Structure formats: C-alpha cells, structure tokens
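Please read them with the structure open beside the text.

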Amino acid sequence: MTGKGQPQQGLKSGSPPNIAAAGLACLRGGRLLFKGVSFALSAGDALILTGPNGVGKSSLLRLLAGLLPAFSGKVERSGNLALADEHMALDPRLPLARALGDWAHLDGSTAQDVTAALAAFDLTHLADVPVRMLSTGQRRRATLARIHASRAPIWLLDEPGNGLDTASLALLDDAMATHRAAGGLVIVASHQPLGLANAQHLALVAAA
Amino acid sequence: MNRFIAIVMRDLRVSFGAGGIALPVVFFLLVATLYPFAVGPDGALLARTGGGVLWVAALLAALLPLDRLIAPDAESGVLDQYGVRGMGEEMIAFAKIVAHWLGFGPPLMLAALPAAALLRLDGSTLAAVELGLLAGTPGLAALGVMVASLTAGVRRSGALGGLLMLPLAVPLIIFGAGSIGDFGGGAVRFLAASSLFLVALAPFAAGAGIRALRE
C-alpha cells in the first residue's frame with residue numbers, strides 16, 4: 001500500500017532543483033522573529049527546521065514560498081514549490097480525487113499522478129468520499145497527497161506529522177525518501193522526529 | 001491563460017454549489033414582487049418607477065454574495081496555494097471578477113424579464129433595463145470582488161462590505177436608472193464608462209487586498 005511499488009513520476013523541472021537562503025530575516029507585526037538564516041540545498045537534500053513555538057518556523061516556510069516578503073536577505077531557487085501547511089485548500093464538497101485533480105490540473109499533472117498520490121498516502125479507498133467527511137489524520141494525508149500530485153521538486157512541509165498515526169508517519173517517511181531519491185528537495189518544520197536520513201538541521205532562535 | 005480559466009471554472013462551480021447564483025436572482029425577483037404590494041396596483045405608476053426599482057434591486061442583490069467571494073478562499077488556504085504557484089494576485093482578482101459576473105450578470109438579466117412583467121414595464125423600458133444591466137453588472141461584479149477582498153480579513157465583513165460598496169456604486173445606479181428614460185442616449189454610455197473604469201481598477205485594488213490577507 002505504500003508508494004514504494006509505484007513508479008515515481010518524473011519531476012517536472014528540467015534542471016536540478018535547488019533553493020538557497022542568505023541572511024534571511026523576518027519581521028511580523030513590528031517584531032523581528034529571526035535573522036541571519038542561511039542555508040543551501042540541492043537535489044536530494046532535506047532540511048529540518050526546529051525551534052520553539054512562535055519562533056517563526058511557519059513564517060520562514062511562507063517566506064521561502066514567496067507568500068511573505070523578507071525583511072532582509074534573499075531566497076534563490078530553481079524549481080517549482082509545493083506547500084503543505086495547516087490549510088488543506090481542498091474544496092470540502094468535492095470527492096477527494098476530484099478536489100486533488102483540480103490542483104493537479106492547475107499544476108499540469110495527470111490523473112495518474114493523482115492516483116499515485118492517493119496510493120502513496122493510503123487514501124485510494126477514500127477517493128470518492130467528499131473532503132468534508134475526512135477525519136483529522138485523513139485531512140493531513142490529503143494535504144500531503146496534494147503536494148505529492150503536484151510533482152513540484154521542492155516540498156515545504158509545515159508540521160506534516162501532526163495528527164498522523166504511526167502507519168501514516170511511515171507513509172510520510174516513505175514519500176519523502178522516494179521524493180528525494182527522485183531528485184526532489186524537502187524542507188520540513190517539525191517538532192516530532194521524522195525518518196529523514198542525512199538531513200541538514202536548522203534550529204531557529206528568536207532574534208534578540 | 002489555462003490557469004485563468006481554471007480559476008474562473010472553479011469559482012463558478014463553487015458558487016453554483018453554494019447557491020450563490022440562485023440567491024441574488026431570487027432576491028431580485030422578490031423585490032420586484034413586493035414593490036407592487038407596497039405602492040398599489042397603479043399600472044402607470046409601476047411602469048414609470050419600475051425601471052428604477054429594478055436597478056435598486058440589482059444593486060442590493062449584488063451585496064448578497066460579498067462574503068463568499070474572497071473570504072472562504074483565504075481561510076481555506078486556496079489563495080495561498082495560488083500564490084505558491086506564482087500566480088499574480090491581479091490575475092486571480094480578475095479571474096474572480098469574470099467568474100462573479102458570469103454567475104451574476106446574465107442570471108440577473110434573465111430574471112429581469114419576469115420582473116419587468118410584474119412591474120408592467122413596456123418593451124422599450126425593458127430593452128433599456130437589459131442594456132443597462134449588460135453595461136452595468138460588470139462594474140457591480142468588479143466592485144463586489146474589490147470590496148470583498150478588502151474586507152475579507154474583518155469580522156462581520158458582510159455589513160461592512162455593504163457600507164463600503166453602496167456609495168461606490170452610486171455612479172452605476174445614477175446612469176443605470178438614467179438610461180431608462182433616454183434609450184441609446186448618453187446615460188448608457190456613461191454607465192458603460194463607469195463600469196469599464198471599475199473593471200479596470202478593481203483587479204489592482206483587489207490584488208492588493210489579497211496580498212494584504214497573507215500578512
């Protein structure tokens with residue numbers, strides 16, 4: 001039932017993906033959250049963001065995603081992004097497969113990509129269930145299936161393990177490993193340990 | 001362009017599913033039904049004032065869908081996902097205006113046919129109302145999306161949206177109701193010009209509103 005048996009669909013970006021941050025600082029609501037954040041990742045790399053609540057892990061991910069302006073520093077990347085945060089961003093009325101298919105259509109992915117994404121997170125049996133009927137853990141897996149189906153090389157995951165049971169955590173680990181093996185990149189903010197081999201660590205500290 | 005069409009189709013489907021298309025039309029017809037009860041069955045009076053009443057009804061009907069144009073997409077993270085894909089906020093806003101108009105303008109123009117019969121409007125007045133709605137509803141749709149994106153982050157945005165939108169819609173109602181008296185005259189051109197101005201301006205204002213929602 002895991003994504004291992006599925007042939008990984010090729011990632012969309014032609015050149016190898018990479019993302020680098022140099023001296024990033026983030027100002028929210030007049031408060032400097034963090035400063036001097038730098039890292040460089042290339043194909044197959046993973047970065048784990050840690051730090052206490054409120055230090056700006058989610059803000060850093062949104063900043064990398066281009067949703068927030070950087071107060072200083074800059075982000076350089078090549079390759080498309082996929083962001084999985086607390087918002088599922090799936091139409092609650094639609095059956096899960098169709099809701100995922102909407103985004104896949106926008107991303108230029110195919111129906112096979114959606115099927116593979118559903119299988120990778122053990123959601124195949126829920127494909128025809130309306131999104132609003134899903135449980136917390138199933139919603140989380142649906143969010144992850146959305147980024148899986150996007151075929152974007154750079155994954156930004158905000159607490160992806162929240163609400164997942166042990167079996168689902170293993171699926172997440174598998175999916176991240178498969179993604180990296182195919183030349184993808186993973187940046188994950190998480191307070192729980194995830195099975196990411198050879199990952200870089202970045203502990204965010206509050207700016208004084 | 002494909003992405004633009006995808007947003008339009010999605011918004012149309014969502015508003016259709018949520019009853020967002022039927023609601024303004026039913027409201028519009030209800031006003032047209034109630035007005036004769038209020039002023040009495042004087043055919044001449046109804047025919048003289050009915051066109052203006054239809055314009056007021058159209059304006060008020062345009063307020064009904066305000067709170068579901070932007071806020072649900074902001075809360076569910078859909079607007080963020082558009083942003084992650086590098087889609088410009090102005091493009092998103094314009095797609096939303098197009099979708100909103102498609103679900104609002106033509107249904108209202110259809111509903112104006114029975115409404116005109118209820119108010120005993122004659123053929124030329126009905127033609128003027130339809131032409132006016134065709135010219136004016138794009139402006140109403142643009143105003144609606146603009147106001148909705150500026151108020152999406154606010155609690156009880158529905159009431160505030162109405163307060164913001166009605167004054168801005170004054171030119172539309174002046175020229176819209178004015179166009180009924182002189183069919184094909186200057187008023188309908190001013191109406192079309194106001195509408196065009198709003199359609200040109202709104203994507204930028206609404207785009208800025210969508211960006212501000214991400215903070």
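1. In this predicted model, the largest nonpolar core counts 125 residues. The residues with the most contacts inside this core are Leu100(A), Ala145(A), Leu156(A), Ile187(A), Ala58(B) and Val145(B). Helix 8 of chain B, residues 123-151, gives the core its largest share, 14 residues. As general background, nonpolar side chains tend to be buried together in soluble globular proteins.

2. Which residues touch Leu100(A), apart from its neighbours within four places in sequence? They are Leu90(A), Val114(A), Ala117(A), Ala145(A), Arg146(A) and Ala149(A). Leu100(A) is itself one of the buried residues of helix 2 of chain A, while Ala145(A), Arg146(A) and Ala149(A) are among the buried residues of helix 4 of chain A.

3. Helix 2 of chain A is mostly covered, with 8 of its 11 residues buried. The buried ones are Leu96(A), Ala97(A), Ala99(A), Leu100(A), Gly101(A), Asp102(A), Trp103(A) and Ala104(A). Their cover comes from both chains: it includes helix 3 and helix 4 of chain A, and also helix 1 (2-17) and helix 5 (78-84) of chain B. Just after helix 2 of chain A, Gly108(A) has a positive phi of about 75 degrees.

4. The contact between the chains involves 16 residues of chain A and 14 residues of chain B. On the side of chain A that touches chain B, strand 5 (81-84) and helix 2 (96-106) each supply at least two residues. Helix 2 of chain A gives the most to that side, namely 4 residues. Sorted by class, the side of chain A that touches chain B has 9 nonpolar, 3 polar and 4 charged residues.

5. Helix 4 of chain A covers residues 136-150. At 1.5 Å a residue, its 15 residues should span 21 Å, and the end C-alpha atoms are 22 Å apart, so the two values agree. Is this helix mostly covered or mostly open? It is mostly covered, as 12 of its 15 residues are buried. Among them are Gln138(A), Arg140(A), Arg141(A) and His148(A). The buried residues of helix 4 of chain A pack against strand 5, helix 2, helix 3 (111-120), strand 6 (154-158) and helix 5 (166-181) of chain A. Just after helix 4, Arg151(A) takes a positive phi of about 60 degrees.

6. Two loop residues of chain A deserve a look. Glu159(A), in the loop between strand 6 and helix 5 of chain A, has a phi near 45 degrees, a positive value in a residue other than glycine. Glu159(A) counts as partly exposed because it has 19 C-beta neighbours inside 10 Å, and a residue is buried at 20 or more. Asn198(A) sits in the loop between strand 7 (185-189) and strand 8 (200-203) of chain A. Asn198(A) also has a positive phi, about 50 degrees, although it is not a glycine. With 8 other C-beta atoms within 10 Å, Asn198(A) is exposed.

7. Chain A has 5 helices and 8 strands, in the order β-β-β-α-β-β-α-α-α-β-α-β-β from the N terminus. For its 208 residues, a compact globule would have a radius of gyration near 17 Å, and chain A agrees with 17 Å. The C-alpha trace of chain A spans about 50 × 35 × 30 Å along its principal axes. Buried residues make up 42% of chain A. Of the contacts in chain A between residues at least 6 apart in sequence, 77% join residues at least 24 apart.

8. Chain B has 11 helices and 0 strands. For its 215 residues, a compact globule would have a radius of gyration near 17 Å; the value for chain B is 18 Å, which agrees. Its C-alpha atoms fill a box of roughly 60 × 30 × 30 Å, taken along the principal axes. Buried residues make up 47% of chain B. Of the contacts in chain B between residues at least 6 apart in sequence, 84% join residues at least 24 apart.

9. One residue of helix 8 of chain B is Ala127(B). Is Ala127(B) buried or partly exposed? Ala127(B) counts as partly exposed, because it has 15 C-beta neighbours inside 10 Å. Ala127(B) and Leu113(B) are 14 residues apart in sequence, and their C-alpha atoms are 9.7 Å apart in space.

How values were computed: Residues are numbered from 1 along each chain as its sequence is written. Chains are lettered from A and ligands numbered from 1 in the order in which they are written. This is a predicted model: local features need pLDDT of at least 70, side-chain atom pairs count only at pLDDT 80 or more; totals for chains, interfaces and linings use all residues. The radius of gyration is taken over C-alpha atoms; the globule rule is 2.2 Å times the number of residues to the power 0.38. Two residues are in contact if their C-beta atoms, placed from the backbone, lie within 7 Å. A nonpolar core is a set of buried Ala, Val, Leu, Ile, Met, Phe, Trp, Tyr and Cys residues joined through C-beta atoms within 7 Å. Ala, Val, Leu, Ile, Met, Phe, Trp, Tyr, Cys and Pro count as nonpolar, Asp, Glu, Lys and Arg as charged, and the others, Gly among them, as polar. The expected span of a helix is 1.5 Å times one less than its number of residues.
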